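User: I've got a model open and want to know what the labels rest on. Can you walk me through it?

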Amino acid sequence: MKRHLISAADLTRDDAVLILDTAEEMARVADRPIKKLPTLRGRTVVNLFFEDSTRTRISFEAAAKRLSADVINFSAKGSSVSKGESLKDTALTLEAMGADAVVIRHHASGAPYRLANSGWIDGAVVNAGDGTHEHPTQALLDAFTMRRRLVGRDAGIGQDLSGRRITIVGDVLHSRVARSNVHLLTTLGAEVTLVAPPTLVPVGVESWPCEVSYDLDAVLPKSDAVMMLRVQRERMNAAFFPTEREYSRRYGLDGDRMAKMPEHAVVMHPGPMNRGMEITAAVADSDRCTAVEQVANGVSTRMAVLYLLLGGSEPAVTTNNARTEENK
Amino acid sequence: MTKILIRGAKVLGGEPQDVLIDGETIAEVGAGLTAPEGAQVIEADGKILLPGLVDLHTHLREPGREDSETVLTGTRAAASGGFTAVFAMANTFPVADTAGVVEQVWRLGKESGYCDVQPIGAVTVGLEGKKLAELGAMHDSAAGVTVFSDDGKCVDDAVIMRRALEYVKAFGGVVAQHAQEPRLTEGAQMNEGVVSAELGLGGWPAVAEESVIARDVLLAEHVGSRVHICHLSTAGSVEIVRWAKSRGIDVTAEVTPHHLLLTDELVRSYNPVYKVNPPLRTERDVMALREALADGTIDIVATDHAPHPHEDKDCEWAAAAMGMVGLETALSVVQQTMVETGLLDWAGVAERMSAKPARIGSLEGHGRPIAAGEPANLTLVDSAYRGVVDPAGFASRSRNTPYEGRELPGRVTHTFLRGRATVVDGKLA
């Protein structure tokens, strides 16, 4: 593993599989009566959030706490950051307080990269979403969810997603989730297709290792997983599409469309969902939709990331013995 | 009167000759001149002698942002880079949109003594693009403004642009357009293309520059005015200017040194030192710009020297200011990209960095031939020099150079402003 997790593109296939395998080990901890490991005792993890995101923040917080790390939540709101303190000064402050890892969410693309490479801090940096750039732990938890559903919980260990066909639908232009997933899923051997109105596909997408389609109905029958991206309502005012209804008709997933997917295929959503916009309630609440599972998997995956970045080479949970013990 | 004999200089890169300066004027040019009594002799030893460079596009920041540059520090930087005249852009605080402000900048330039400062006036009041500034009053002022620009902002209203082009004809003025369609570049952070798609940074599409240039050359044709295009940055813009010139439209264009060398691949570092407006483009654009500068489609090199304080670059990309300092590295970058590639000889460099910018800006006494009777504005260049750029050695108050740690060829060893040395042996006099 590298010292930081900034971009899903930085992960090799073996790095990624190691994280997913470690996450499976971590998931077993969640099944125990005491959901806690001593691994990161005495280490400090700072959740540095310049942008509101309760879901991602509590997911990282739960992950760090289950590994017994001390957690400091630093939110831009109501802090000196909103009074104009720079990213650099905030970083220097955290460094002085002895942060071993900084989990950063920032509205500016590249802010985590700057934090990791500017010499402002020594600790590990984990990108928890930067602007419209990347959200690598989201991609990891998505891949983890797909591997479990499409390959199997035990059968998946050591495996990647070779040959799986993944469709990502929606606002690719502004989506850090899409960017990270394209990198990671491709690294793991999957075939990725992006589906969006042409206005929401970035100029330059032709260099990405994936297909692009404007026709959702044509792609659905050839998909093992369909990931619906959240469409921000404010995009409507910028003429990306005419109306919410038209978007929903052309690119939303409803029951009829879901029926075109293969039997085994799953529906994914990074949340929060706009029910009635990109996904209907019927689809969101069906057992083919993994949205809630993704949240649970997020904690295990983030535990794995923090463990591998901070814990070094010690075994995370387990030895085979320990696992056998548990299985008794 | 001081007499200086420069011995064995390759005038415009030609055969070594001697040049005798007497007072403010070149007295004699020839082989084997004897030094008059009391004359100071400079052994040029085969260095290149050019007319003093002229920059049509400099930000001196004074008044208003003296933390990043002043007229004094900016002109010291200019002299270090071999310039004897710079045109100071109007986007100061207050904006140079009145006779009072342009006269202040002009006076500060006179006092600095390192190079001539010719203020540029704003086209519109407050650079807001709505109401013409008093262009005539600025022209009639002591500063004698002939170049007008809202640089930093585009004169995007077609009617305002038309009127400005027409109005300045009365006194031989020229409008220098910063071509950037504002709606197409809202939130723009870098060139729109393969790299912006990956980095998730807001795109600044080439079409936002090209569409404005296309409109403006057609406007210039329609009203019979001349127009100058600032910092042209795309292959498409080159095609439009080439077409306009072939039609006989009175258009001139400039390119910056950084657009001749750097590409948007550098933005992958998210280091804001590479953040500039217009943004760094692709390799294809860079090659088209070099070719256009060589064949005359692009008339001149202008630095767009844009100093910013350290804190405005020591931050995340989106929060950083746009711009790069350029006066002290311009000639080296041109040597590397144009001379050492065989695209341009030194006479061509002199035309594009001295003679033509002076003509476009109607600046007298600069960009003249190196000949007897001409003003002694001269730059001596050691083209064999190779060195790594160290911003700590800059005369500019700001350090935001994209070339830190990069090896560049060439070094200005002497600069003469009307016979007075402003740079001697590579150091400010």
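User: How far apart do the C-alpha centres of domain 1 of chain B and domain 2 of chain B lie?

Analyst: They lie 26 Å apart. Quick caveat: this is a predicted model, where local features need pLDDT of at least 70, side-chain atom pairs count only at pLDDT 80 or more, and totals for chains, interfaces and linings use all residues. Residues are numbered from 1 along each chain as its sequence is written, with chains lettered from A and ligands numbered from 1 in the order in which they are written.

User: What makes these domains of chain B?

Analyst: The bounds come from an automatic or database domain assignment, which gives domain 1 (3-48 + 374-428) and domain 2 (52-360) in chain B. The contact takes 28 residues from domain 1 of chain B and 41 residues from domain 2 of chain B; "in contact" says that C-beta atoms, placed from the backbone, lie within 7 Å.

User: Which strand gives the most to the side of domain 1 of chain B that touches domain 2 of chain B?

Analyst: That's β17(B), with six residues. Strands here are DSSP runs of E, at least two residues long, numbered from the N terminus, and helices are runs of H or I, at least four.

User: What is B:Phe148 in contact with, leaving aside neighbours within four places in sequence?

Analyst: Among others, B:Ile120, B:Leu135, B:Val168 and B:Ala176. By the contact rule, the C-beta atoms of each such pair therefore lie within 7 Å.

User: And how is chain A divided?

Analyst: Into domain 1 (8-134 + 294-323) and domain 2 (136-293). Their C-alpha centres lie 25 Å apart, and 29 residues of domain 1 of chain A are in contact with 30 residues of domain 2 of chain A.

How values were computed:
Contact = placed C-beta atoms within 7 Å.
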